[in-house]
Amino acid sequence: MKDRYQVKVEQIKQVTPQIKAFTLSSETAVDPFGAGAHLTLHLPMGDRQYSLINNPLEMTNDYQIAVKKVSANGGSHYLHEHLEVGDSVLVSGPDNYFPVHLEAQHVIFFAAGIGITPFLSMMPYLSTLGKTFELHYAVKNVESCPFYEELLKYTEQVFFYSGSREEKKKQVREALENRKIGTHVYVCGPETFMEMVVDTTRELRFPSRVVHEERFRPAAKIRNPKPFRVTVNGGDELLVKENESLLERLLDEGYPVSYACRMGICGSCEVTVCGGEVIHSDTFLTEKEKENKMLSCVSRGVGEIAINVVETNSM
Ligand code: FES
């Protein structure tokens, strides 16, 4: 389990009628984090992840998050209605499953609604590093959208969309057409919006490795998991029991498999599948990638499978 620690609510700011920004301060120096990182809040109703909106290059002892109230009794309701300045909150992290890839020749961000939050840390970060980017932001109403004032700093690079779904689809397509090789695309927002952007990148044949989605939703768990056998790198034969993951088994055996989320959403624990049938249970790999890859933290073999594990450096 990750280390948990207490932070204090330093400031609460009403950003829009539904969105509040919270500044959480730590008594000790905060861990460095990259743009796109998130903090996990351990709340009475369960764990919730929120993107950090600070510029990671301007480290203070504060973490800043922005939360939209989306239900009458969930985590966002608790933060909006019960949390006050001076309260303590148990947190862990930051973790980053949505990092900025600095090798990108150009970056296009697509956000809808509160999905703007990870880009609030990425934009100043890329600006400071002299990298080029643009933001396409789908909102109900431009002047009353969250963080409008902050976004005005980037007038040349920010494009607002506020039309119908069909209009947005057309604008997304136009934003993605005829881009130079090496352009990376990041998307965050409601599921339907993310699908629209990702589908368009597929239609325009963007390689999946340059398309990055922010998802906090863990993959659906495989029901009644069964044991299976694995041949690794053509040598070792391992048994993965019903109550353990392939990732856990590989790590126990000393294989250098990277991992981060353990929820099937970050892609770190990918292994190559050389033979056998796999039940995939992640939200990261494309259908094409699933033909010869699996994410070892959540996906399982059926009967016997063969895999290759190569050392990666993303741990
Ligand atoms: S560790 Fe993140 S997908 Fe497996």
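This is a predicted model: local features need pLDDT of at least 70, side-chain atom pairs count only at pLDDT 80 or more; totals for chains, interfaces and linings use all residues.
## Domain organisation

The assignment divides the protein chain into three parts: domain 1 (4–95), domain 2 (106–213) and domain 3 (228–308). Between the C-alpha centres of domain 1 and domain 2 the distance is 24 Å. Each side brings a set of residues to this contact, with 14 residues from domain 1 and 14 residues from domain 2.

## Interface of domain 1 and domain 2

About 1200 Å² of area is buried between domain 1 and domain 2, and carbon and sulfur atoms give 76% of this area. On the domain 1 side, Ala-35, Ile-53 and Leu-57 supply 34% of the area buried against domain 2, more than any other three residues. Strand 1 (4–16) and strand 5 (62–68) also take part, each supplying at least two residues of the side of domain 1 that touches domain 2.

## Helix 5 and its surroundings

Helix 5 comprises 13 residues, spanning residues 191–203. From its first C-alpha to its last, helix 5 reaches 18 Å, close to the 18 Å expected at 1.5 Å a residue. The buried residues of this helix are Phe-193, Met-194, Met-196, Val-197, Val-198, Thr-200 and Thr-201. In an α-helix there are 3.6 residues a turn, so residues three or four places apart point the same way.

After helix 5 comes Arg-205, which has a positive phi, near 60 degrees.

## Pro-190

Pro-190 lies in the loop between strand 10 and helix 5. This proline counts as partly exposed because its relative accessibility is 46%, a value between the 20% and 50% cut-offs. Although Pro-190 and Arg-215 are 25 residues apart in sequence, their C-alpha atoms are 9.7 Å apart in space.

## Ser-51

Ser-51 belongs to strand 4, which covers residues 46–51. With a relative accessible area of 4%, Ser-51 is buried, since the limit for that class is under 20%. The side chain of Ser-51 is joined to that of Glu-214 by a polar contact of 3.2 Å.

Key: Residues are numbered from 1 along each chain as its sequence is written. Side-chain values use heavy atoms; hydrogens and water are left out. Helices (H or I, at least four residues) and strands (E, at least two) are DSSP runs, numbered from the N terminus. The expected span of a helix is 1.5 Å times one less than its number of residues. Buried means under 20% relative accessible area, exposed over 50%, partly exposed in between (1.4 Å probe, protein chains only). Domain bounds come from an automatic or database domain assignment. Contact means heavy atoms within 4.5 Å. Buried area is the accessible area (1.4 Å probe) that two parts lose on being put together, summed over both. A polar contact is a pair of N or O atoms within 3.5 Å; within protein, one must be able to donate a hydrogen and the other to accept it, and residues adjacent in sequence count only if both atoms are side-chain atoms.
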